[in-house]
Amino acid sequence: MPEIGLNHFLIVSALLFSAGIGVVISRKNAIAVLCGVELILNAAALNFVAFNRYSTPDARLDGQIFTIFIIILAAAEAAVALAILLNLFQQTNTVDVDEADTMKE
Amino acid sequence: MGNDFSQTQDLISRGLAGFIPELVLSALVCVLLLADLFIRGVKPRTTAWIATIGLVLAGATLWPRLAASGEIFGWMQGGTQQGLLVTDRFAWFFQMFCLATALATLPMALDHAAFRARRMGEYHALVVAATLGMFMMAGAVNLLIAWLGIEFASMASYLATAFDKRDRRGSEGGIKYVIYGSVASGVMLYGLSLIYGMTGSLHYGAIAQQLQVSGASDLGLMTAALLVFGGFAYKMAAFPMHFWCPDVYEGAPTPFTAYLSVASKAAGFAVFVRFIAAFTTGEGPSFVAFGSVPFDASFGWPTLIAAAAALSMTVGNLAALWQTNVKRMLAWSSVAQAGYLLMAVAVYAAGRGRPSGGDLGPLIFYFIAYFFMNLGAFHVVTVIASRTGAQHVEDFNGLGRRAPWMAFGLTVCLLSLLGVPPTGGFTGKLQLLQTAVENHLVWLAVLAGINTAISAFYYFKLIRCMYLHENQAGLVTTGTTNAVLLALLVLPVLVLGLAFSPFIELSRSFGF
Amino acid sequence: MDINMSTVMFFAFALLAVFPAFMVLFAKDIVRVAFWLLASLSGVAGLYIIMGADFLGLTQVLVYIGGILVLILFGIMMTSKDPLLKRARHVERSVVTGIVTGALVFAALAAVILGIGFESGKGRADGGATTTALGEALLTDYILPFEVVSVLLLFVLCGAAHVARRRKEGAHA
């Protein structure tokens, strides 16, 4: 069994990313799409931490700092998305992205 | 982290001294939020005045930064500063641009029907916050700050789009904006992480240096470019991330649509141009090399941007042909405009390796014209819509008789968006086409020409409605403030088309 | 071939992160989606800790699992029209599209990652706890984003409260 290295983490992150993309593409429920987005964000964050740990040339913690901001922004994004969604639900009684789609020409 | 204390203290205090306009904007956000809470029965006019004063103050403190240059904040590494933001003329231009957009859309918000007799402090706070995010986008020289600025501006925009809670389309536009936006941002983030992994740095200068010294895998840079471009294209409303545009533009309150279509796009271009500048410096291995060779050679940033430009203008113009809602039509038109603007960026990226290349003048000039013509068009649409409820092209029938000055202003702006002399849009587009031809992008220039012809159909559809179709409805009274704002927006469109040479010089000086 | 502890830990946490991530794609019930996401995010937290990012691992648990997921669950509860158990009938139509896209994306990314041939080993060595270093960096090198984010959180919370607040008849919205 090989030593665990950078590529192992990158493959895990690629799996998370593709699962996230799959969720975003296939789901109709806005909350489920949001879950897919969280997966994508986590994949990117995992990349930053892994690169910080294994391949940046000095002792700086840039990647980890970036990840902290990703977590903060993900929280803010979820709050915004759910607030708008709640308001939409009060008006239309649906959280289905396709059902709520009325603006078409 | 290696820095001794006094050095760090010095960096922070120097950074803060160069950061005053942003501090003013942050304070303004807080004041506006508090105004809603603590001033009993606060009128829309009061908060609008607070916002106006704050924005003017921010502009006044931004003015001296025209002469400033250099990076602020960040840390010292190997004797050089690796800043987070840069203050230079390019950043100054786009920051002033976004500030001016926020100011110009303030009277529109006061006039907007759905916004009357409501607490507007929060709306203005969101617009100011979006502007603050765009300030960071324009000056970012660090991947973290670029992404944070984009997110900052986006979050405020999502909320402002859904601000009118009684409007179902606002919520629908808002939810689409935030969902697609967070997907775009996540995809971009993954690309940024690859760049960080390959170069080991977040700072643009360090990334460029690393790429020149030791290069990086072409495959990796290509993948990162594709992923990252998704996020930038979302902010620029360019292909392939343009699809949110019509729904959000239709759903958002019209004054905010105007803000979004001008400031948000400009900030998107600013952050994007600065980003690709780090990837197309001089000669060297990897992606850098693609910048200096003509287009046929291989895939690189210029090819990617040129393709996005071609598709943006074509998709935007073809879709706009079928629209009957004016806001949707202007939304697709703004996608097409992003295509024309991207043409300038493609030329810039391709020219970076050459001694004469890298001129951002045409891009900046077109943005100056775009500011006036697009805001002018949206101003008329807001004014007419809040008085007659007009949404569709037919609702503008007979406007030439019912509101002659508004109709005239809208006509000038539409002709300028189309690119007919003697308007600023014509001068701007001519420069874009000329530089494209000079830089071996003849096919793109030809395509832009064809697209201009296509766009004539829908711009003239609206003009024809205003002047040739009859409508028995009465006159529309518009008020002095609106007339003044209209004049301030429309006259420069004509000035830019007639006395353009000083402005061409001026816009060239804002490049870097 | 000796199997050491860290290798086992890696595979355990990687499985905890990846398997639930795909269940987010497959699960039919929106509540299950949220709980699979919870599992996946815990796996990522474990991976952070393996890489010596102890502070991030804990933040992930506190903010992501304690904050964002609770938010999502609230969102599900407040937007459900029927008792939660009945939500299972909401069958998704395009799971196949999702799987195919996901597989293609993964194939491309894996090819790129292996093609780039990242070297591991020149990064920062295990330097013990990172909390001090992170705190120092946030208040020196990264003080700007740190402060700016506080403004962001302020207006996001105010704006979200405004948008989500229920209207009272006749009151100012």
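**Helix packing and chain contacts in a predicted model**

Of the 31 residues of α3(A), 26 are buried, so this helix is largely enclosed by the rest of the structure. A residue is buried if 20 or more other C-beta atoms lie within 10 Å of its own, exposed if 12 or fewer, and partly exposed in between, with C-beta atoms placed from the backbone. Helices (H or I, at least four residues) and strands (E, at least two) are DSSP runs, numbered from the N terminus. The model is predicted: local features need pLDDT of at least 70, side-chain atom pairs count only at pLDDT 80 or more, and totals for chains, interfaces and linings use all residues. Residues are numbered from 1 along each chain as its sequence is written, while chains are lettered from A and ligands numbered from 1 in the order in which they are written.

From its first C-alpha to its last, α3(A) reaches 44 Å. This is close to the 45 Å expected at 1.5 Å a residue, where the expected span is 1.5 Å times one less than the number of residues. Just after α3(A), A:Asn93 takes a positive phi of about 65°.

The largest nonpolar core holds 308 residues. Such a core is a set of buried Ala, Val, Leu, Ile, Met, Phe, Trp, Tyr and Cys residues joined through C-beta atoms within 7 Å. α3(A) gives the most to this core, with 20 residues. A:Val80, B:Met343, B:Val345 and C:Val24 touch the most other members. Leaving aside residues up to four places away in sequence, B:Val345 touches B:Phe269, B:Phe272, B:Val273, B:Ile305 and B:Leu363.

Chain A meets chain C through 65 residues of chain A and 74 of chain C. Two residues are in contact if their C-beta atoms, placed from the backbone, lie within 7 Å. On the chain A side, α1 (6-26), α2 (30-54) and α3 (62-92) each give two or more residues. The largest share, 20 residues, comes from α3(A). By class, the chain A side has 45 nonpolar, 16 polar and four charged residues. Here Ala, Val, Leu, Ile, Met, Phe, Trp, Tyr, Cys and Pro count as nonpolar, Asp, Glu, Lys and Arg as charged, and the others, Gly among them, as polar.

α1(A) packs against α1 (residues 5-26) of chain C at an angle of about 10°, with the axes 8 Å apart. The two helices are therefore roughly parallel; angles under 35 degrees count as such, over 145 as roughly antiparallel, 65 to 115 as roughly perpendicular and the rest as oblique. Their contact comprises 13 nonpolar, three polar and no charged residues. Chain C itself has six helices and zero strands. Buried residues make up 40% of its 173 residues.

Chain B touches chain A with 36 residues, against 36 of chain A. The largest share of the chain B side, 17 residues, comes from α7(B). That side divides into 17 nonpolar, eleven polar and eight charged residues.

The peptide bond from B:Phe239 to B:Pro240 is cis, with omega near 5°. B:Pro240 lies in the loop between α9 (218-236) and α10 of chain B. B:Ala237 is in the loop between α9 and α10 too, and has a positive phi near 55°. B:Ala237 is buried, with 28 other C-beta atoms within 10 Å.

Notes. Axes are lines fitted to C-alpha atoms, for helices over the stretch in contact, and angles run from 0 to 180 degrees between N-to-C directions.
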